[in-house]
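Take a look at the model below. Then follow the text through it, from the overall fold to a single residue.

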Amino acid sequence: RRCRNLLKLRLVDLAGSDAHDLHDRPPGISEFCKAAEKLCSKNYAEAICFENAAKMFFFRSRDGINGR
């Protein structure tokens, strides 16, 4: 319930998983993204599931150094 409320209030920036491997503890991110899309919108779900992480990892500062 808490996660749903955070999504509805659009207080989630990134979706992540504590999966260790694909067999014993698979990520399950796609299920989360589908649920987020139903609760919010497709654009918001895509942002928290994919786009925001990409922006964070591929950020380039003014001096051209990643992440600084």
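The paragraphs below go from the whole chain to its core, a helix pair and one alanine.

This is a predicted model, in which local features need pLDDT of at least 70, side-chain atom pairs count only at pLDDT 80 or more, and totals for chains, interfaces and linings use all residues. Residues are numbered from 1 along each chain as its sequence is written, and side-chain values use heavy atoms, with hydrogens and water left out.

Start with the elements. The protein has three helices and zero strands. Read from the N terminus, the order is α-α-α. Helices here are DSSP runs of H or I with at least four residues, strands are E runs of at least two, and both are numbered from the N terminus.

Next, the chain as a whole. Of its 68 residues, 16% are buried. Buried means under 20% relative accessible area, exposed means over 50%, and partly exposed lies in between (1.4 Å probe, protein chains only). The protein exposes about 5800 Å², by the Shrake-Rupley method with a 1.4 Å probe. Carbon and sulfur atoms supply 53% of that area. Now count contacts, meaning heavy atoms within 4.5 Å. Among contacts with a separation of 6 or more, 52% join residues 24 or more positions apart.

Which residues make up the largest nonpolar core? They are Leu7, Val12, Cys33, Ala36, Tyr44, Ala45, Ile48 and Cys49, eight in all. A nonpolar core is a set of buried Ala, Val, Leu, Ile, Met, Phe, Trp, Tyr and Cys residues joined through side-chain atoms within 4.5 Å. Helices α2 (29–39) and α3 (42–57) each supply at least two residues of this core. The largest share, four residues, comes from α3. Ile48 touches Leu7, Val12, Asp13, Leu14, Ala15, Phe32 and Ala36, leaving aside residues up to four places away in sequence.

Now the helix pair. α2 and α3 pack at an angle of about 150°, with their axes 7 Å apart. That makes α2 roughly antiparallel to α3, because angles over 145 degrees count as roughly antiparallel. Axes are lines fitted to C-alpha atoms, for helices over the stretch in contact, and angles run from 0 to 180 degrees between N-to-C directions. From α2, the contact uses Phe32, Cys33, Ala36 and Glu37. From α3, Lys42, Ala45, Ile48, Cys49 and Phe50 take part.

Finish at Ala45, in helix α3. Is Ala45 buried or exposed? Ala45 is buried, with a relative accessible area of 3%. Ala45 touches Cys33, Ala36 and Glu37, not counting residues up to four places away in sequence. Arg10 lies 35 residues from Ala45 along the chain, and their C-alpha atoms are separated by 9.9 Å.

Notes
Angles under 35 degrees count as roughly parallel, over 145 as roughly antiparallel, 65 to 115 as roughly perpendicular and the rest as oblique.
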